[in-house]
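Welcome to my notebook. Have a look at the structure with me, and I will jot down what I looked up.

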Amino acid sequence: MGEMRKHYSEAFIEQTVKFIQEQTKSIPQIAEELDIPAGTLRKWMTKHRKFENEPLMDRETIRQKEKQIASQEREIEDLKEEIAILKKAMHIFSKERN
């Protein structure tokens, strides 16, 4: 018939949430290791997080942040190059003409 639901103690849930926060693995990976559904772990994280202002970081969010950082690094390099060109131009145009 139906599958029996597992019940977990509050202490176990809090220890699990702390464990998840300390890991660099994704929630699905941890769910597989602990044999607990990923949805259940996400609910526990939402309810029992100790760092309320800390956003949940999943792989997609990390990828987006990495892309944003790479884009910003390229923009910084472009701006440095523009500054160097402007400095050279300023130097050329500020010379006295005879």
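I began with helix H3 (residues 38-48), where I found Leu41, Trp44, Met45 and His48 buried. I use buried for under 20% relative accessible area, exposed for over 50% and partly exposed for in between (1.4 Å probe, protein chains only). These four sit on the same side of H3, because they cover an arc of only 100° around the axis; the arc is that of the directions from the helix axis to the C-beta atoms. An α-helix has 3.6 residues a turn, so residues three or four places apart point the same way. On the face of H3 turned away from the buried side, I noted the exposed residues Lys43, Thr46 and Lys47.

A note on the source: this is a predicted model, where local features need pLDDT of at least 70, side-chain atom pairs count only at pLDDT 80 or more, and totals for chains, interfaces and linings use all residues. Residues are numbered from 1 along each chain as its sequence is written, and side-chain values use heavy atoms, with hydrogens and water left out.

Next I looked up the whole chain. The protein chain has four helices and zero strands; helices (H or I, at least four residues) and strands (E, at least two) are DSSP runs, numbered from the N terminus. I also noted that 15% of its 98 residues count as buried.

Then I turned to Ser26, in the loop between helix H1 (10-22) and helix H2 (27-34). Ser26 counts as buried because its relative accessibility is 16%. From Ser26 to Ala38 I noted 12 residues in sequence and 9.6 Å in space, C-alpha to C-alpha.
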